[in-house]
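Work through the exercises below with the model open in a viewer. Try each task before reading its solution.

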Amino acid sequence: MRVLLVTPSAEDRLHQLVPLAWALRTAGHAVQIAARPAFTEAVTATGLVAVAVGKDVPETEALLDESADVDGLVAHGRLWRPRLVLWDSAAPAGAAAAAQVGTPHVRVDGPFGSSAQDGGPAPHRVLDCLPPSLRTSGDDTLSVRPVPYTGPKVIPVWLRRTPRVRRVLVTADVPDAAIPALFEAVAGTDAELVCARPADRVPAGVRLPSQVRLFDDIPADAVLPSCAGVVHGGDPALAAAAFSHGLPQLVLSARLAQEGLVERLVRYGAAAVLDPAHLDAAALRDVTGDSALRTRAGQLGAECAALPSPRDLVPELTGLAADR
């Protein structure tokens, strides 16, 4: 069977589709991923086949929703004739093109929220990568386990050793202005901070404590199994990677978008939000020591583990195509 996936020009959204694309591919199906021309290199870096559609736009306009995008997808659809189209919620051109070609299509939702435009063709099904406790989609939603993917990386030697103390991951989206407070706070704990940050991003004059390890670029899902908690700046992909491992989260942000994923995590009790100006050792200890926070985070991790894997979902997707 031929399956076409449609992605906007956003690596996090592409990476959400990759495990499902590879599950389909290894099950024997032909898979292609459609994207804007400048984004096809990001697609081929995943080992999958890219199809350039539409025209390039400024990087700030990641949506795949213009008439030229639809025209390109329709032209390719009529030539390649996919039996199923999966489209990210920020790529509604996939729905419009599938409707014109007469192909069943599935919208893929997840941690980033839905960007699909109102009034477009309704998907035949919705696929959600979030655990049920964090969803806003309906009861008939297809479920799939979130599988973190961050592209080709190399695991450093130090990560292959068991940590001697509780480890907390500090991700790259934490504001630079929060780093001095973080470094000061960790001195009052028995934890180790592993920071996704090169040395030249540490503010001048800030002393590097012995409890801090800096690294440039390794996959978050390789670090998370050794961690007791995560500190980040509100990135939905990082939040999803953390709760899929059952880890409590501290989000350093003065303001958060209402009804976003992090806000739902806070309501559920698996994350806490703190203005960086109020960060101290007690707040950092709560990430690993607060039993209620850890319990709720563990419940989310268990929900994720109970969801079907991308491979388990393949028969249902192929059945959807066969029924139409």
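The exercises that follow concern a predicted model.

**Exercise 1. The six-stranded sheet**

Task: Describe the open sheet of six strands by its order and pairing, then locate its edges.

Solution: 
- Step 1. The order is β10-β9-β8-β11-β12-β13, with parallel pairing.
- Step 2. β10 (212-215) and β13 pair on one side only, which marks them as the edge strands.
- Step 3. On average, neighbouring strands of this sheet are turned by 20° against each other, direction ignored.
- Step 4. Within the sheet, β11 and β12 run parallel and are joined by three bridges. Here V230 stands opposite Q249 in β12.
- Step 5. Helix α8 packs on this sheet, touching β11, β12 and β13, and its direction makes about 115° with that of β13.

**Exercise 2. Burial of helix α8**

Task: Is helix α8 (residues 261-268) mostly covered or mostly uncovered?

Solution: 
- Step 1. Six of the eight residues of α8 are buried, and the helix is mostly covered.
- Step 2. The buried residues are L261, V262, E263, R264, L265 and Y268.
- Step 3. Their packing partners are β11 (229-232), α7 (236-244), β12 (249-252), β13 (271-274) and α10.
- Step 4. Just after α8 comes G269, with a positive phi of about 100°.

**Exercise 3. Two helices in contact**

Task: Classify the arrangement of helix α9 (residues 281-289) and helix α10 (residues 291-306) from their axes.

Solution: 
- Step 1. Two packed helices are described by the angle and the distance between their axes.
- Step 2. The axes of α9 and α10 come within 7 Å and cross at roughly 45°.
- Step 3. That angle makes α9 oblique to α10.
- Step 4. On the α9 side, D286, V287, T288 and G289 take part, meeting S291, L293 and R294 of α10.
- Step 5. Sorted by class, this contact has two nonpolar, three polar and two charged residues.

**Exercise 4. The cysteines**

Task: How many disulfides does the structure hold, and are C129 and C304 buried or exposed?

Solution: 
- Step 1. The structure holds zero disulfides.
- Step 2. For C129, the nearest cysteine sulfur is that of C304, 10 Å away. A disulfide requires sulfur atoms within 2.5 Å, and C129 is in no disulfide.
- Step 3. C304 is likewise in no disulfide, its nearest cysteine sulfur being that of C129.
- Step 4. C129 counts as buried because its relative accessibility is 8%. C304 counts as buried because its relative accessibility is 2%.

Definitions and conventions. Residues are numbered from 1 along each chain as its sequence is written. This is a predicted model: local features need pLDDT of at least 70, side-chain atom pairs count only at pLDDT 80 or more; totals for chains, interfaces and linings use all residues. Side-chain values use heavy atoms; hydrogens and water are left out. Axes are lines fitted to C-alpha atoms, for helices over the stretch in contact, and angles run from 0 to 180 degrees between N-to-C directions. Helices (H or I, at least four residues) and strands (E, at least two) are DSSP runs, numbered from the N terminus. Angles under 35 degrees count as roughly parallel, over 145 as roughly antiparallel, 65 to 115 as roughly perpendicular and the rest as oblique. Contact means heavy atoms within 4.5 Å. Ala, Val, Leu, Ile, Met, Phe, Trp, Tyr, Cys and Pro count as nonpolar, Asp, Glu, Lys and Arg as charged, and the others, Gly among them, as polar. Buried means under 20% relative accessible area, exposed over 50%, partly exposed in between (1.4 Å probe, protein chains only). Two strands pair if DSSP finds at least two bridges between them.
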